[in-house]
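This report walks through selected features of the structure shown below, one topic at a time. Please keep the sequence and the coordinates at hand while reading.

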Amino acid sequence: MFQTIYIEHEVESLPYTQNIIQHFKNAQIKTIDKVEDYWGRVKKPYLQKRDNLNLYVGRKKGQLIKKAPDAYGTKNAEHYYFIHAYNCIYECEYCYLQGYFHTPDIVLYVNHEEIRNEMLQFIDEDKEVWFHAGEFSDSLALSHITNEWRDYWLFFQNHPKAKLELRTKSSNIKPLLDLPPISNIIITFSLSPEQEVKKFDHKTASLKARLKAIQELSQRGFQIGLHFDPVIYSEDYLARYRLLFQDVFQNLEEENLNYISLGVVRFPEKIYHQVQKNYPQSQLLAQEFIVSKDGKVRYPKPMRMKILNDLKKELLTFLNGQNKVYLCMED
Amino acid sequence: MKLLTFAHRAEAQAFHDKFDLKSCGENLFLNQDFMLLVTGEGLFEAMSECMKVLTLHPEISEVYNLGIVGNLGSQKLDEVASIRSVYAHDSSSPLFKSFTTSDPSASIDLLSFSQRVKDSQTKEKLALFAPLVDREAWAIGFVANRFKRPFYVFKYISDDADENTQCHFIKDSAFLYSQKLLSFFLNFHSGPQNEEEEERQLPEGLYFTRAQKLLYFKYQNLLETLGKEIPSEEIKKIMLLDITPKQKTGQLLNLMKELINPMTSIMQEELGKFLKPFTQIGAQVKTDNELESSELLIQYKIRNQSDIDRLKRGLELFDIKQFERFFEGEF
């Protein structure tokens, strides 16, 4: 998977780091002073991740926890994300990471204790505070190698008002199965109809595998979140999503469904140009996009609202009147 | 006209012989199809010489950089490689910009260094960025990028870049390397001529401008991805229309667009219905271009009382509530 693994001196001996090295025996290992001296220092084209992907392991300095943007996550709660990794092993055609960093090379930060210590500053026992992992990477894709969630479990057991969201397009739940389900850790899956997964979510787990993972976690009592985001228009989108919802709710215990988010495909303008460059033939680009008032490239408002209304209405038929659906990044 | 750039005259020998080039300036040679430039060694020399030639010769349509490179990693020696991305390092730090060549099949990266690499320590430092090193390619890429010309780099991997480099040996073998580069270059261009191929794929009886041609192929690809075809009876209808071949092409492109994105057509149709009370009295109605807001601009010439009555009637018939709901996706 990785050609070269660059490891900061400072973290070389940590068990997290050693575990990572153990998993990639064929990779060349190089020791460096600081990740920032190499990672992203030169512009490396995104698609080079297909055959030339490197991994950096280091200690994240500076601010470890950041306030999430508005309209992120459920209302009436504070939302933060934390940075434990940059970039992703998957390759989704709409992914904003393709234009966000100057390189597709992956960084794994292993100073998890510092991250948790910083979380303490934001936890308020009177307020619901969410911490989201996976703003810049998939939370579970490499978790059997990075092995960090066990330590977060203990932390969140002691802080029941704080919530942790682990967001994934993988089916890599093995590292979670040894852990007890706790109500304030929510495992969320990004889902799309099967055709869309095949077309746009390259290298991710198949829809079938993700549904199986949802079923397994749900049966064990884990809290599950669902992101139907990004929805990409196709002529029969409603029929495709109806089928998907049927499959999902067959696999999910209702009491373990924490929330559902719905969002229509959108890009910052810079990322849209990257998508055009990286996937010029993509079906994703077939539809007409506009630049909306917030500077994002989206479908025209009537179109995206129609899609969201149609899907929300359909979803509510599966939820016995409970409105656990929120519309992501839409006023 | 293709511009071939080399750092040294010796590297270009085989090209001189093959293409029977005539001198047309200092270190510049040409025939009907090629211009060959010997830039001299180093980033600045290559950049200034290439910049001069591209400024004076706008007829140059593609830029090539060819020559010898040193190995920083474990690339196989004595082979010619088509380079994917070119980075640069000015001996103190890497330069941020990188340039990706137009060869989609290329898979090896190259670093242009400001000095000759003569020791293992430098080799090791540079190997963190790319497996091959030269002294000019980045500069040529910089200029080609500025002039928006496709850019290719073909390099013969002559030796390992370290203290064992034997410059005199490389110089002695230059003609052999040049022949290998020439044979690679000729092979690279032995593929089918794209333009002729394109012409054959266009429907008969229509006239396509260059832009329409590109759009046609884009839509054609999208329709293929969507598994759709243009109904033959629709094409027949267009061909029977009493309009110019260029206008028929416009009609065909509209039809293709509708097939790709039927939602846009539905929205346009809905909008047309809403605005009918105004359009049928001859008013000009302007909606928000991006369909992000329901604002309307109505322009109507009032010449007499009956114009006022007609406008009043139009305003009465216009259902603003319904129109606003259209923007909330209710249609």
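## Cysteines

In this predicted model, B:Cys50 counts as buried because its relative accessibility is 0%, a value that falls under the 20% limit for that class. B:Cys50 takes part in no disulfide, and the nearest cysteine sulfur, which belongs to B:Cys24, is 14 Å away.

In chain A, A:Cys95 is likewise buried, with a relative accessible area of 18%. The closest cysteine sulfur to that of A:Cys95 is in A:Cys92, at 6.0 Å, which is too far for a bond, since a disulfide requires the two sulfur atoms to be within 2.5 Å. Over all chains, the structure holds 0 disulfides.

## The interface between the chains

Chain A and chain B meet through 36 residues of chain B that are in contact with 36 residues of chain A. Between them the two chains bury about 3,300 Å², and 55% of this area lies on carbon and sulfur atoms. On the chain B side, the residues that lose the most area to chain A are B:Phe96, B:Leu128 and B:Glu292, which together account for 21% of what that side buries.

## Two open sheets in chain A

One open sheet of chain A is built from 5 strands in the order S2-S1-S3-S8-S6, with mixed pairing. Its edge strands are S2 (28-32) and S6 (85-86), each of which pairs on one side only. Within this sheet, strand S1 (residues 4-8) and strand S3 (residues 55-58) of chain A run parallel and are joined by 3 bridges, and A:Ile7 stands opposite A:Val57 in S3(A).

Another open sheet has 3 strands of chain A in the order S15-S17-S16, and here the pairing is antiparallel. The edges are formed by strand S15 (266-268) and strand S16 (290-291) of chain A, each pairing on one side only. S15(A) pairs with strand S17 (residues 296-298) of chain A over 3 bridges in the antiparallel sense, while A:Phe267 stands opposite A:Val297 in S17(A). Helix H10 (residues 269-278) of chain A lies across S15, S16 and S17 of chain A, and its direction makes an angle of about 105 degrees with S15(A).

## The surroundings of A:Thr168

A:Thr168 is placed in strand S10 (residues 162-168) of chain A, and it counts as buried because its relative accessibility is 1%. Its side chain makes a polar contact, at 2.7 Å, with the side chain of A:Ser170. When residues up to four places away in sequence are not counted, A:Thr168 touches A:Asp138, A:Leu140, A:Ala141, A:Thr188, A:Phe189 and A:Ser190.

## Backbone details

Where does chain A show a cis peptide bond that involves A:Pro230? The bond joins A:Asp229 and A:Pro230, with omega at about 5 degrees, and A:Pro230 is found in strand S13 (residues 223-231) of chain A.

In chain B, two residues other than glycine have a positive phi: for B:Asp78 the value is near 60 degrees, and for B:Leu291 it is near 55 degrees. B:Asp78 lies in the loop between strand S5 (62-71) and strand S6 (80-89) of chain B, and B:Leu291 lies in the loop between strand S11 (284-287) and strand S12 (296-299) of chain B. As for accessibility, B:Asp78 counts as partly exposed at 44%, whereas B:Leu291 is buried, with a relative accessible area of 5%.

Notes
Residues numbered from 1 in each chain as written. Chains lettered and ligands numbered in written order. Predicted model: local features only at pLDDT ≥ 70, side-chain atom pairs only at ≥ 80, totals over all residues. Heavy atoms only, no water. Helix = DSSP H or I, 4+ residues; strand = E, 2+ residues; numbered from the N terminus. Buried < 20%, exposed > 50% of the residue type's maximum accessible area, 1.4 Å probe, protein only. Polar contact = N/O pair within 3.5 Å; in protein donor to acceptor, adjacent residues only side chain to side chain. Contact = heavy atoms within 4.5 Å. Pairing = 2+ DSSP bridges. Axes fitted to C-alpha atoms, helices over the stretch in contact; angles between N-to-C directions. Buried area = accessible area lost by both parts, 1.4 Å probe.
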